[in-house]
Amino acid sequence: DLGVARRGAHSFAANGVLVHNCTDSFLLNPKLLSVYIKITFRKTNVHITEEVESTLRLIDGWIDLLPIGVDDDTGAIEPLHRTFDYDFFFDGLRILLDSDHFVVLLETLLLLYNHFDRFVGAHRLRLMDEFLFSPRYFMRLFMNWNHHVRHVYHLLIVYKLSRFRDNAIPSRSDLEYGEPQHVEDDDPGLIGGPAGR
């Protein structure tokens, strides 16, 4: 069973004591992020929006707990640990973005917006190819009936991708030879920016 559960199950995120204990252990070993995401995705029913919302906010909080190293030369944020299971995470994203419920779409896009900089190189390219600019999702999100979903998707495209110099979208050759340079973002009001978090 890959990705977010499609059947009924008790929500992992709803069990406060378990979540608290896991978060404490996570602070000692950031490699556990992938394991925790697998557990929470498998215990979350995509059709129960409250479960999805609490699960994605929990994952958002866990990623926030990761140490943030910033490269002095490029300004790039330290990526997710090399043991992170991107395939599983992307399978879960696919299930979430296939949902018709606007809360599920909105919370998924907010998670991506808040942590887009943690996806580097081939993983960022895959995120853009399979999700952000995929024919499967592009028009559905770009022209979404819900203005909040549409707005966050537009912010994700404009503010996260436009931070690359010379080109809004990094070319494959850029990703082969290293991450493109980042431009400083001076707007503190952006979601996930210094004042927006």
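**Notebook: salt bridges in a predicted model**

I looked up Glu130 and found it partly exposed at 26% relative accessibility; I took buried as under 20% relative accessible area, exposed as over 50% and partly exposed as in between (1.4 Å probe, protein chains only). The model is predicted, so I noted that local features need pLDDT of at least 70, that side-chain atom pairs count only at pLDDT 80 or more, and that totals for chains, interfaces and linings use all residues. Residues are numbered from 1 along each chain as its sequence is written, and side-chain values use heavy atoms, with hydrogens and water left out.

I then searched for salt bridges (a side-chain nitrogen of Lys or Arg within 4 Å of a carboxyl oxygen of Asp or Glu). By this rule I recorded ten salt bridges.

I examined Asp85 and Lys38, whose side chains form a salt bridge at 2.9 Å, N to O. Asp85 lies in the loop between helix H3 (49–65) and helix H4 (86–97) and Lys38 in helix H2 (residues 33–42), so this pair ties together parts 47 residues apart in sequence. I took helices (H or I, at least four residues) as DSSP runs, numbered from the N terminus. Asp85 is partly exposed at 23%, and Lys38 is partly exposed at 25%.

I returned to Glu130, which forms a salt bridge with Arg94, the closest N and O atoms being 2.5 Å apart. Arg94 lies in helix H4 and Glu130 in helix H6 (residues 121–132), so the pair ties together parts that are 36 residues apart in sequence.

Technical notes. Helix = DSSP H or I, 4+ residues; strand = E, 2+ residues; numbered from the N terminus.
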